[in-house]
Amino acid sequence: MQVFVLLFNAGTSNEGIHTLKVSDRNIVLMFEHEDDAIRYSLMLEAQDFGSPTVEAFESDDIEEFCLGAGYECKHIPAGTLEVPPDTNAPSTDWQPDGTAKPEPVNQEGGFSADELERLRKRLEGLL
C-alpha cells in the first residue's frame with residue numbers, strides 16, 4: 001500500500017523525515033491520502049516549522065525504515081484531519097542548514113550510519 005510522508009530537503013544529502021516526538025518516542029506519520037499529507041504540511045508551514053515535501057512510498061518500506069531507525073509509525077486514514085502539535089521541539093536531530101549533529105551511539109545494536117544510508121538510498125530508489 002502506498003503512503004505519503006513529509007520530507008525536508010528531499011533528494012539532498014541533508015534530507016530529513018518529519019517525526020512527532022512523544023515522550024522518548026519518534027513517530028513518523030504515514031498518510032493514506034496525499035491531500036491529507038499536503039494539508040498537514042501546510043499547517044506546519046503556518047507554524048514556521050519549515051516547508052516539507054510530500055513524498056509517496058510503499059508502507060512496508062517506511063515501516064522497515066522506522067524499525068531500523070528506532071522510530072514508530074502511525075497510519076493516518078484517508079479523510080482524517082491530523083493537526084500538528086502547538087509547539088515544535090526545542091531541538092531536532094536534523095538541521096535545515098545542513099550541519100549535522102553528532103550521531104548518538106546506539107547501545108541496542110541497531111543500524112550503523114552506513115546501513116541507514118543504504119536504507120535511505122533504497123527508499124529514494126523507489127521514487
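Author: A nonpolar core is a set of buried Ala, Val, Leu, Ile, Met, Phe, Trp, Tyr and Cys residues joined through side-chain atoms within 4.5 Å. The model discussed here is a predicted one.

Reader: Which residues make up the largest nonpolar core?

Author: The largest such core has 11 residues in all: Phe4, Leu6, Leu20, Ile27, Leu29, Phe31, Ala37, Tyr40, Leu44, Val54 and Ile76. Two or more of these residues come from each of β1 (2-8), β4 (25-31) and α1 (34-46). A second, separate core holds 10 residues, among them Phe57, Phe65, Cys66 and Leu123. In soluble globular proteins, nonpolar side chains tend to be buried together.

Reader: What does Leu29 touch, not counting residues up to four places away in sequence?

Author: Leu29 touches Phe4, Val5, His18, Leu20, Tyr40, Lys74, Ile76 and Glu82.

Reader: What makes the pair of Glu82 and Lys74 a salt bridge?

Author: The rule asks for a side-chain nitrogen of Lys or Arg within 4 Å of a carboxyl oxygen of Asp or Glu. The closest N and O atoms of Glu82 and Lys74 are 3.3 Å apart, so the pair forms a salt bridge. The two side chains also make a polar contact at 3.3 Å, for which the limit is 3.5 Å. Lys74, at 37% relative accessibility, counts as partly exposed.

Reader: How many salt bridges are there by this rule?

Author: The count comes to three. In another of them, Arg25 pairs with Glu72, with the closest N and O atoms 3.3 Å apart.

Reader: Why are Arg25 and Glu72 called partly exposed?

Author: Partly exposed lies between the limit for buried, under 20%, and that for exposed, over 50%. Arg25 has a relative accessibility of 34% and therefore counts as partly exposed. Glu72 is likewise at 34%, so the label of partly exposed applies to it.

Reader: What makes Arg39 and Asp36 a salt bridge, and where do they lie?

Author: Their closest N and O atoms are 2.4 Å apart, and the limit is 4 Å; the pair therefore forms a salt bridge. Both residues lie in helix α1, three residues apart, about one turn of the helix. Arg39, at 37% relative accessibility, counts as partly exposed, whereas Asp36, at 6%, counts as buried.

Reader: Which residues of helix α2 are buried?

Author: In α2 (residues 59-69), the buried residues are Ser59, Asp61, Ile62, Phe65, Cys66 and Gly68. Just after α2, Gly70 takes a positive phi of about 80°.

Reader: How many helices and strands does the chain have, and how do they run from the N terminus?

Author: There are three helices and six strands, in the order β-β-β-β-α-β-α-β-α. Of the 127 residues in the chain, 30% are buried. Among contacts between residues at least 6 apart in sequence, 74% join residues at least 24 apart.

Terms used. Residues numbered from 1 in each chain as written. Predicted model: local features only at pLDDT ≥ 70, side-chain atom pairs only at ≥ 80, totals over all residues. Heavy atoms only, no water. Helix = DSSP H or I, 4+ residues; strand = E, 2+ residues; numbered from the N terminus. Buried < 20%, exposed > 50% of the residue type's maximum accessible area, 1.4 Å probe, protein only. Contact = heavy atoms within 4.5 Å. Polar contact = N/O pair within 3.5 Å; in protein donor to acceptor, adjacent residues only side chain to side chain.
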